[in-house]
Every structure is written in C-alpha cells, then in structure tokens.
Amino acid sequence: MFLKTVAFILLAFLVQRAWKLSLGFGTSNVGYINRPGPCRNVAPIETGSEDIAVTSNGLAFISSGMQLSDMCSSAVDARFSQFVGRIYVFDFQNSKQDAVEVSLPKELQYNFSPHGIDLLEDSETGEILLFVVNHRKIGEFVEILSYQPESRSLSMVRSVTHELFTSLNDVLAIDRNSFLASNDAYFRSCWRILEPLLGLRWCNFIYFDGTVGQSIIENGHDFNSVALSRNGKQVYLTRPSEMKLEIYNRSKGTETLKLHQSINVGMAVDNVFSDQSTGDLWLGSHPSLALLTKHLSDIDLRAPSQVIRIQPLGPQNDPFNTYKLFSPFGDDGELVSGSSSAVHFKDKLLIGTVAHKVAYCEVQS
Ligand SMILES: *[C@@H]1O[C@H](CO)[C@@H](O)[C@H](O)[C@H]1NC(C)=O
C-alpha cells in the first residue's frame, strides 16, 4: 500500500512536470511566415548568430559558432563540434553589405564558443567594449574586449571567470569592469536536462563588481537573456520555458533586483534587446521548443522563427504598466531557423539564430 502511494505521488508529480514543460515546448506549434518588409540573409553567417549587440550608430556585433556539443554531445548534431567561434560586425548604416568577421585576440583563437553578448560605448573616447559569454573547454568566462575599428580587431581587456559561473547564458555590461550575468543551468554537461525535468531551482543571477562576484537572485530556473532599460532603472530577463519576460527594479550601485512585473509572451522567448531610442523590447523567440530541439539534433531539420516586439505605453517611471505585443516577423525555418535574437535600428531589423543564418529586414510602416 505504502509503495503504491509513493508510486502514485511520483507519477502525479512527473505528469504535472511534463504538462508544464509541454506548454513551453510547443509540441504542436508550427511557424507562420510574416515579413515587415523585404528580407534577405546576411552572408557569410551560417553557423549561428545567437546574440547581437548594437552601438548607438548602428554597428551590430554578432556572436556566432557556439559549440553546443561541448555541453551535451549526445543531444546535438555532431557538426557542432566543427563550428568555429567568431564575432561578426554588420553595419546598419551600410545595410547592403555583408557581415564582416572581426579578428580575435590570440588567446581566444582556438578557445572561443561565444553565447550572450553586450557592449559599452565610452561617450568621451568613443571606445567600444564588448562583453562576451565564452564557454571555454576549461570553464565559463566573460571576455571583455576592446574593438579597434581601423583593423576590425578585438583586443583583450580582461577575462573573468568565477566559481558562480556554472552555465552562463548572457551578460549585461555595467561599466568597464562590472557586469551582471545569468546562469541558465547549474550543470554544463548533459545533466542539465534533469534540471527542468525535476523542477530544480539551481540557476542564479550574478553581479560581478570588478573584484567580487555575488549571487543577486538565487534558486531560480530557466534564466536566459538580460537587458537594461533605457533609463537604467529596470532589468529585463527572459524565461523561455515559462514563456515570459520579467521586469526587475534595479538599485544602481548595490545592484539589487526586485521583481516588479512579468509579461506573458505566450512563446519561448530567447534574447531580449532593449531599443534605446524607442524603449521597445525586441525578442528572438521560438514558436516550438520541440522543433528547436529537433533542429539542434539535426541542423538540416528546420525550426520556426518568430520576432516579438513589446511596445511600452505606460508612464516614464513604469513604462510597461501598459503595453502592446506585436509579431513583426515570422518564418517557417527556411530563411532563418530557430531565431534566438532580434535587434532593431531605425526601421531595420536583424534576426539571429542559435545555429543557422541571419536575416536582415526592412520595417515598412
Ligand atoms: C518598481 O518601480 C516602480 C516605479 O518606480 C514602482 O511603482 C513599483 O512599485 C516598483 N516595484 C517594486 C516591486 O518595488
């Protein structure tokens, strides 16, 4: 009797977990084609463009070639191990041109598996600093790099690792030395699959102040991408399997975050981009995590893509108090499979993917 009861409770628990996960998994969802204007692929990117960061004058830095096979090779296409980590730059102001590869500092040339990316611009010197999550073979790093536009090259400023970096996803630059970073799992290996299955809350959100790292949100799960609001007073965090975007009030300096609001997007949201000129949020999203999983296990299988725009309509100190959701771009996976990021610059859109190409679109009103 006792065993039966235990078995029943266990079964009920697993069914409940599976049900919760299947919602975000979108097992029956498909991709619908929708264009904001003319769209095309941007050469030469073919091996992913997981995240994109944009300068105030429209230079887009794209992280490409993440080697997902390092995390769990049995779950992904063997071709991932051949991917080469790169940073590309695309100029929104010369948008007819291709993306151009940026040369990396020596220590990263054979040691680069880039994921989330952010940047800072020095308003006085004009220097551009990139902050890049790098899954090195030996551990998780945030690489801080300085961009030299004449030579289109990056030089190493600082390479940061920390015992709290368990499985980094994204980074938000605060100043030259400090940043926030999200862990999307505790395990870097295949064990990570157990975390959502068992509902383990082993993710955290980290503030590194230049010297010390500390956990500012603990016991979470499914932490993905982070971005800063226009006025710097709020932090956005995406939660793909929960299909929502969370808004935290930020205390500058101490970097404490207080959950203020949660927006149901109804889809697995990936990277979030905060448009500094309009205040809109742009999200690369996955209509079906089930099809994305298949695509990652065989890159030739397509996964649908969708871009979501969230327009704030609230007062300045609480902009998303009221909002509207738009879906300006959708694809069945042919133009772009598995859209993980979307960035906007003056009625132009760049859409990045986990392991596929990049799309550029004009946004016609
Ligand atoms: C977040 O900030 C807004 C605007 O200042 C305020 O109205 C709201 O109460 C804050 N929320 C929390 C949870 O502190």
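Me: Which residues are around the ligand?
Reply: Keep in mind that this is a predicted model. Around the ligand you will find Asn249, Lys258, His260, Asn317 and Asp318.

Me: Let's turn to annotations. Which residue does UniProt list for "active site"?
Reply: The record, an unreviewed entry, gives His115. An annotation of this kind may be inferred rather than shown by experiment. On the model, His115 sits in strand E6, which runs over residues 114–121.

Me: Is histidine 115 buried or exposed, and why?
Reply: The idea is to count neighbours: a residue with 20 or more other C-beta atoms within 10 Å of its own is buried. Histidine 115 has 26 of them within 10 Å, so it is buried.

Me: What does histidine 115 touch, not counting residues up to four places away in sequence?
Reply: Its partners are Glu50, Asp51, Ser63, Met66, Val133, His135, Leu168 and Asn169.

Me: Which residues does the UniProt annotation "binding site" cover?
Reply: That unreviewed entry marks Ile117 and Asn169. They span 53 residues in sequence, but no two of their C-alpha atoms are more than 9.2 Å apart, so they gather at one spot.

Me: Where does isoleucine 117 lie, and what is it in contact with beyond its neighbours within four places in sequence?
Reply: Isoleucine 117 belongs to strand E6. It counts as buried because it has 26 C-beta neighbours inside 10 Å. Its contacts, leaving aside those within four places in sequence, are Asp51, Ala53, Phe61, Ser63, Leu130, Phe131 and Val132.

Me: And where is asparagine 169 found?
Reply: Look at strand E10, residues 168–173. With 25 C-beta neighbours inside 10 Å, asparagine 169 counts as buried too. Beyond four places in sequence, its contacts include His115, Gly116 and Val133, as well as Phe223, Asn224 and Ser225.

Me: Last topic: the core. Which residues in the largest nonpolar core touch the most other members?
Reply: The general idea is that in soluble globular proteins, nonpolar side chains tend to be buried together. In this model the largest nonpolar core holds 96 residues, and Ala60, Ile62 and Phe179 touch the most other members. Take isoleucine 62 as a case: leaving aside neighbours within four places in sequence, its contacts include Ile45, Ile52, Ile87, Phe90 and Val358.

How values were computed:
Residues are numbered from 1 along each chain as its sequence is written. This is a predicted model: local features need pLDDT of at least 70, side-chain atom pairs count only at pLDDT 80 or more; totals for chains, interfaces and linings use all residues. A residue is near a molecule or strand if its C-beta atom, placed from the backbone, lies within 6 Å of it. Helices (H or I, at least four residues) and strands (E, at least two) are DSSP runs, numbered from the N terminus. A residue is buried if 20 or more other C-beta atoms lie within 10 Å of its own, exposed if 12 or fewer, and partly exposed in between; C-beta atoms are placed from the backbone. Two residues are in contact if their C-beta atoms, placed from the backbone, lie within 7 Å. A nonpolar core is a set of buried Ala, Val, Leu, Ile, Met, Phe, Trp, Tyr and Cys residues joined through C-beta atoms within 7 Å.
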